[in-house]
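Please keep the sequence and the structure in view while reading.

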Amino acid sequence: MLITSMNHPAWHDTLIAIVAQDEANHSQTAVQKDDVVRIFEADTNKTLGYNFFNVSKYIGTNDQNGQIILNDAQVNTLNEHLRLVGFTADLVADTTPKFVVGYVKTCEPHPDSDHMHVCMVDVGNNQTLQIVCGAPNIAQGQKVVVALVGAMMPSGAIIWPGKLRGVTSDGMICSARELGLPHAPQKRGILVLPDDWKTGSAFDFAKGDAVVAAQNN
């Protein structure tokens, strides 16, 4: 796994690279070599991520804020820099889209909740995910936006595998507001897409906002 992001107002020219989920029962520590900081679990030595300072020197200038999908060449360059400063080159590129169109195949009541549902969602590539959703308008047969494991939400939250009320949930069915769409309504509820959107395709944020704007009119 490789989740990379930048926050120019806060960290300027620093790339944050996350390679593993941190666990609550493990303490973290860090060590810096040259312009790279490695963050890892103190007791297991498992690498959790890296901070690359002055990263534009290595992969070029990027004015984007939030999650950034690096290409193979950029990841290879960062691995070369890790080796150069004395760290293990363990970054693996992941160029797959993290926000995709899903199709809700089934939607059943959660066994331990009066408002959540357990959904089986087709996300393309012969993959069906179990996702727990608490939105009041979720239903079988919908086309929806799914944030896959490894996605960084506009809020900065990262989607990890988890459980909700004891039920496994591998992703998140998103509302327009959670996606940060400009025309997002403030009411609760997931974004329902038109039926002609292709299951498994990367979610087009601009096209999605146009859908939201049309739904509001």
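The expected span of a helix is 1.5 Å times one less than its number of residues. The model described here is predicted.

**Helix 4**

Helix 4 covers residues 205-216, 12 residues in total, so at 1.5 Å a residue the helix should span 16 Å. Its end C-alpha atoms are 16 Å apart, which agrees with that expectation. At the N-terminal end, helix 4 is capped by aspartate 204. A side-chain oxygen of this aspartate lies 3.1 Å from the backbone nitrogen of alanine 206. Within the helix, the residues Gly208, Asp209, Val211, Val212 and Ala213 are buried. Part of what covers the buried residues of helix 4 is strand 14, residues 192-193.

The loop between strand 13 (172-173) and strand 14 contains serine 175. Is serine 175 buried or exposed? Serine 175 has a relative accessible area of 9%, so it counts as buried. Setting aside neighbours within four places in sequence, serine 175 is in contact with Gly189, Ile190 and Leu191.

**Cysteines**

A disulfide is a covalent bond between the sulfur atoms of two cysteines. How many disulfides does a search of the whole structure find? The search finds zero. For cysteine 107, the closest cysteine sulfur is in cysteine 119, at 3.8 Å, which is too far for a bond. The cut-off for a disulfide is a pair of cysteine sulfur atoms within 2.5 Å. Cysteine 119 is likewise in no disulfide, and its nearest cysteine sulfur is that of cysteine 107. Cysteine 107 is buried, with a relative accessible area of 15%, and cysteine 119 is buried with a value of 0%.

**Pocket and cavity**

The table lists two spaces in the model.

| Space | Volume | Lining residues |
|---|---|---|
| Largest pocket | about 470 Å³ | 22 residues, including Asn65, Gly66 and Gln67 |
| Largest cavity | about 40 Å³ | Leu2, Thr4, Ile68, Ile69, Leu70, Val75, Ala93 and Asp94 |

Which residues of the lining lie nearest the centre of the largest pocket? They are Asn65, Gly66, Gln67, Met152 and Met153. Strand 1 (3-6), helix 1 (8-11) and strand 6 (66-68) are the elements that give two or more residues to the lining of this pocket.

The count of cavities of 30 Å³ or more comes to one. Among the residues that line the largest cavity are Leu2, Thr4 and Ile68.

How values were computed: Residues numbered from 1 in each chain as written. Predicted model: local features only at pLDDT ≥ 70, side-chain atom pairs only at ≥ 80, totals over all residues. Heavy atoms only, no water. Helix = DSSP H or I, 4+ residues; strand = E, 2+ residues; numbered from the N terminus. Buried < 20%, exposed > 50% of the residue type's maximum accessible area, 1.4 Å probe, protein only. Contact = heavy atoms within 4.5 Å. Polar contact = N/O pair within 3.5 Å; in protein donor to acceptor, adjacent residues only side chain to side chain. 1 Å grid on protein atoms, 1.4 Å probe; cavity = no way out; pocket = protein on both sides within 12 Å on 5 of 7 lines; lining within 4 Å. Points joined across faces, edges and corners; volume = space filled by probe spheres on them.
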